[in-house]
Amino acid sequence: MNITHRSYNATVAKVRAMYGKRVSASDYSELVNKQSVSEIADYLKKNTHYSEILSSVDVNTVHRGFLESLLRRFNFEMYLKITGFERISKQEFYNFKIVNAEIDVILSCIRHINANSEDRIINDIPIYINGMTHFDLIEIAKVHSFEEMLALLKKTPYADVLKDEHTDSNGKVDYSSCEVKLRTMYFNRLENYVSRLAPQEADMVNSMILIDIDLINVINAYRMTAFFGEDEKTIKEMMFPFCGRLSEKKQTEIYSAPDAEEFIKRFSKTYYGRQISDSGYDMNNLEDNANRLRFKYAKLALKTSSKASASVYAFTYLMGVELKNLICIIEGVRYGIPAKEIEKLIII
């Protein structure tokens with residue numbers, strides 16, 4: 001019992017130490033003012049925790065896609081370092097990032113199949129995680145149809161999730177439906193694993209997961225209302241079927257808003273809406289600031305939790321945000337977007 005306790009304390013300490021090496025606000029200020037991808041790579045190589053993975057890279061010739069690929073790999077390697085530490089990866093809960101990566105690969109395949117660009121699937125697949133996944137990533141990169149993909153997945157839990165999906169006359173499948181089913185399966189599995197933790201620990205992690213789901217649902221529902229004018233029924237079909245602080249009644253009230261303005265008005269009266277306002281964020285910039293709120297919750301969890309499960313879950317999310325920030329900067333600089341505009345998109 002004492003060994004387990006020490007292991008968990010050591011994992012929490014390691015997570016916090018690794019987070020202490022994150023890209024700082026001053027680093028972001030430097031990066032958004034760079035003039036090229038090469039300058040960004042050079043700064044990351046010399047001044048941040050990405051120095052090791054960039055050590056052999058010629059920053060003068062580095063391609064945007066290759067740089068982003070290396071940053072993604074480093075992000076995954078951080079996760080492996082944590083879950084390999086004290087071998088906590090032997091517990092099913094801690095494999096959540098691998099499951100999420102598998103789902104990302106499947107969805108990427110579906111996008112390419114629908115776009116008739118199957119020959120480029122390999123470009124979006126993180127081959128470096130092959131061997132840790134339920135299916136062979138090299139083989140899935142060779143598929144040319146949805147049916148071929150399902151056949152490859154037949155011995156995995158994903159095949160059952162997608163078995164009722166069918167292609168149309170053009171060989172395309174409903175991407176949104178596949179995504180909802182796969183992500184719902186992911187959250188169901190997470191809840192199942194969390195239920196095996198000690199009660200107090202389970203409550204803490206489950207609360208974090210439900211916050212994520214609530215805010216993901218809100219962001220997606222807002223997009224469907226603001227940009228596509230979808231009705232309540234259609235929106236509900238595309239939401240993940242979980243309720244955290246947003247009850248089913250409150251969800252119905254928000255999703256039935258006739259337009260974006262009314263959606264924001266109704267959302268502002270919810271727990272999360274008040275939290276966004278209290279944090280000084282602009283409610284009209286709902287999507288970005290809902291993500292800022294998620295980031296705020298994760299930072300708080302990492303700071304206050306003494307449990308490895310909560311710490312690892314929060315850290316993985318926070319490092320995912322850092323990765324998105326850096327890719328946002330790389331893309332912004334590449335397309336000549338002013339530094340002040342890029343800076344507005346950075347979450348810190």
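Visitor: Where is phenylalanine 263 found, and is phenylalanine 263 buried or exposed?

Guide: In this predicted model, phenylalanine 263 is found in helix α13, and with a relative accessible area of 0% it is buried. Once residues up to four places away in sequence are set aside, phenylalanine 263 touches Val218, Ala221, Tyr222, Thr225, Ile254, Ala257 and Leu286.

Visitor: Which contacts does arginine 266 make, leaving aside its neighbours within four places in sequence?

Guide: Arginine 266 also has its place in helix α13, which covers residues 260–267, and under that condition it is in contact with Glu253, Ile254, Ser256, Ala257 and Pro258. As for distance in space, arginine 266 and lysine 250 are 9.0 Å apart from C-alpha to C-alpha, while in sequence they are 16 residues apart.

Visitor: Stepping back to the whole chain, how many helices and how many strands does the secondary structure come to?

Guide: The protein chain has 17 helices and 0 strands. Its radius of gyration is 21 Å, close to the 20 Å that the globule rule gives for 348 residues, and therefore the chain is as compact as a globular protein of that length. Taken along the principal axes, the box filled by the C-alpha atoms is roughly 55 × 50 × 50 Å.

Visitor: What share of the residues in the protein chain is buried, and what share of the contacts with a separation of 6 or more joins residues 24 or more positions apart?

Guide: Buried residues make up 48% of the 348 residues, and residues 24 or more positions apart account for 60% of those contacts. The accessible surface comes to about 17400 Å², and carbon and sulfur atoms hold 48% of that surface. For the charges, there are 46 positive and 47 negative side chains in the protein chain, and the centres of these two sets lie 6 Å apart.

Visitor: How is a pair of aromatic rings described?

Guide: Such a pair is described by the distance of the ring centres and the angle of the planes. In this structure, a search of the whole model finds 13 aromatic pairs. One of them is formed by tyrosine 50 and phenylalanine 74, a tilted pair with 4.6 Å from centre to centre and 50° between the planes. Tyrosine 50 lies in the loop between α3 (37–47) and α4 (64–84), whereas phenylalanine 74 lies in helix α4, so the pair ties together parts that are 24 residues apart in sequence. Both tyrosine 50 and phenylalanine 74 are buried.

Visitor: What are the distance and the angle for the pair of phenylalanine 76 and tyrosine 79?

Guide: That pair is tilted as well, at 5.5 Å centre to centre and 55° between the planes. Because phenylalanine 76 and tyrosine 79 are 3 residues apart in helix α4, they are separated by about one helical turn. Phenylalanine 76 and tyrosine 79 are both buried, and they belong to one aromatic cluster that is formed by Phe76, Tyr79, Phe93, Tyr94, Phe96, Tyr128 and Tyr313.

Visitor: Where in the structure is the place of asparagine 75, and what does asparagine 75 touch?

Guide: Asparagine 75 has its place in helix α4 and, at 7% relative accessibility, counts as buried. Not counting residues up to four places away in sequence, asparagine 75 touches Lys97, Met319, Gly320 and Leu323. The C-alpha atoms of asparagine 75 and leucine 162 are separated by 29 Å, the two residues being 87 residues apart along the chain.

Visitor: In which loop is serine 305 found, and is serine 305 buried or exposed?

Guide: Serine 305 is found in the loop between α15 (286–304) and α16 (308–334), and it is buried, with a relative accessible area of 2%. With residues up to four places away in sequence left out, serine 305 touches Val12, Arg16, Met204, Ala310 and Ser311.

Visitor: What is the phi of glutamate 86, and what is the phi of arginine 87?

Guide: Glutamate 86 is not a glycine, yet it has a positive phi of about 60°; arginine 87, not a glycine either, has a positive phi of about 55°. Glutamate 86 has its place in the loop between α4 and α5 (96–114), and arginine 87 lies in the loop between α4 and α5. Glutamate 86 is partly exposed, with a relative accessible area of 43%, while arginine 87, at 61% relative accessibility, counts as exposed.

Technical notes. Residues are numbered from 1 along each chain as its sequence is written. This is a predicted model: local features need pLDDT of at least 70, side-chain atom pairs count only at pLDDT 80 or more; totals for chains, interfaces and linings use all residues. Side-chain values use heavy atoms; hydrogens and water are left out. Helices (H or I, at least four residues) and strands (E, at least two) are DSSP runs, numbered from the N terminus. The radius of gyration is taken over C-alpha atoms; the globule rule is 2.2 Å times the number of residues to the power 0.38. Buried means under 20% relative accessible area, exposed over 50%, partly exposed in between (1.4 Å probe, protein chains only). Contact means heavy atoms within 4.5 Å. Accessible areas come from the Shrake-Rupley method with a 1.4 Å probe; for residues, only the protein chains shown count as cover. Lys and Arg count as positive and Asp and Glu as negative; His and the chain ends are not counted. The place of a charge is taken as NZ of Lys, CZ of Arg, CG of Asp or CD of Glu. Rings of Phe, Tyr and Trp (its six-membered ring) pair if their centres lie within 6.5 Å; planes under 30 degrees apart count as stacked, over 60 as edge-to-face and the rest as tilted.
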